[in-house]
Amino acid sequence: MDQIIRHIKDGQHLLIASHAEPDGDAVGSLVALGLALGKFGKKTTLYNSSPIPAVYRFLSGVERVVRHIKKANTYDIAIMLDCGDLVRIGEAASTINKIPVIINIDHHISNTGFGHIQLIDTTACATAEIVYRLIKALEIPFDKDIATSLYTGILTDTGSFRFSNTNQAAFAISKEMTEVGVDAHSVAQRVFGTYSLGRIKLLNMALNSIEISDNGKLSIMTITRSMLNATGTSPEDLDGMINYARRIEDVKVAALIHEIKNGAGKFSNMNRYHVSLRSDSSVDVAAVASKFGGGGHRSAAGFQIESTLVALKTKIIELAENL
Ligand SMILES: [Mn+2]
């Protein structure tokens, strides 16, 4: 923390970024730190390679997030948030790699330890918790906008204070942020309040796709590109759908298979898939995901793979039998 503070104080132009296809923690941490360092008198650029999901666009400061960065020598420091691996940043990863000081702030157990300085706390409920500590250590006063971003990060990453990463800090920070002006009801309305009709239709298809392994311990939900096309939805609409597969009685692990694009191979039935894994925490899905080159937390992890759908399901079911 002391090293990071020294670098921030000396920094001229700081690049702050979070992982592609951002969730509430990735957006909230990014915006909160950007607003806070702005108040601290620092020149900052906020970067995310993906569009900000509609449900998080109410946060003040998201309009500052850009999808492209300038040459590496524009910035003297890069602060990477909620990003287990530098490649998760997306397109700009190779440019960021050339920035003189890379600071890695995260709570993923699978973090590769990339960068020059690491502030990784796997007991933190969200990266927003660590960003809170950093803002506090810099003695930057919280205001309603910073507080709302941090609260959104904690609210979403803890699944509304229900997931196993929900700790005392989640409540303590949330209490402090409400004292600074966070309107918990209005945040909840924005983040969880309404769904587009397309998203409800996609949910219907996703529920129909659920398969259960013979031993009843694994559920698989499959979402193809044609489902997204048919419902006019985008990948951000998948957010949270895996929880329906995870909540089924006796299920210990849920897998969401999301078809991303055609495979590079010559066989037309090969596709690139993103697989999200969730467990009731009796199974370490980060360990499972790492076998496929992915990562995450004990009860929430993921990986990408090029495969046929049938072969991929077979692999996942084999895994279930070994649970
Ligand atoms: Mn997070």
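This is a predicted model: local features need pLDDT of at least 70, side-chain atom pairs count only at pLDDT 80 or more; totals for chains, interfaces and linings use all residues.
Residues are numbered from 1 along each chain as its sequence is written, and side-chain values use heavy atoms, with hydrogens and water left out.

**The manganese site**

- Four residues supply the protein donors of the manganese ion: D25 (OD), D82 (OD), H107 (NE2) and D157 (OD), at 2.2 to 2.4 Å from the ion.
- Donors here are N, O and S atoms within 2.8 Å of the metal (3.2 Å for Na, K and Ca); water is not among the atoms, so sites may look incomplete.
- Along the sequence, the donor residues follow the spacing D-x56-D-x24-H-x49-D.
- Helices (H or I, at least four residues) and strands (E, at least two) are DSSP runs, numbered from the N terminus.
- D82 is buried, with a relative accessible area of 2%, and H107 is buried too, at 3%.
- Buried means under 20% relative accessible area, exposed over 50%, and partly exposed in between (1.4 Å probe, protein chains only).

- Five of the five residues of β4 are buried.
- I77, I79 and L81 cover one side of β4, with A78 and M80 on the other.
- In a regular strand the side chains alternate between the two faces of the sheet.
- β4 pairs with β1 (residues 13–18) in the parallel sense over five bridges, and A17 has M80 as its bridge partner.
- β4 and β5 also run parallel, joined by five bridges; here A78 is partnered by I102.
- Two strands pair if DSSP finds at least two bridges between them.

**D121 and helix α4**

- D121 lies in the loop between β6 and α4.
- Leaving aside residues up to four places away in sequence, D121 touches D106, H107, I130 and R133, where contact means heavy atoms within 4.5 Å.
- Helix α4 (residues 127–137) is mostly covered, with eight of its eleven residues buried, among them I130 and Y132.
- After α4 comes E139, which has a positive phi, near 60°.
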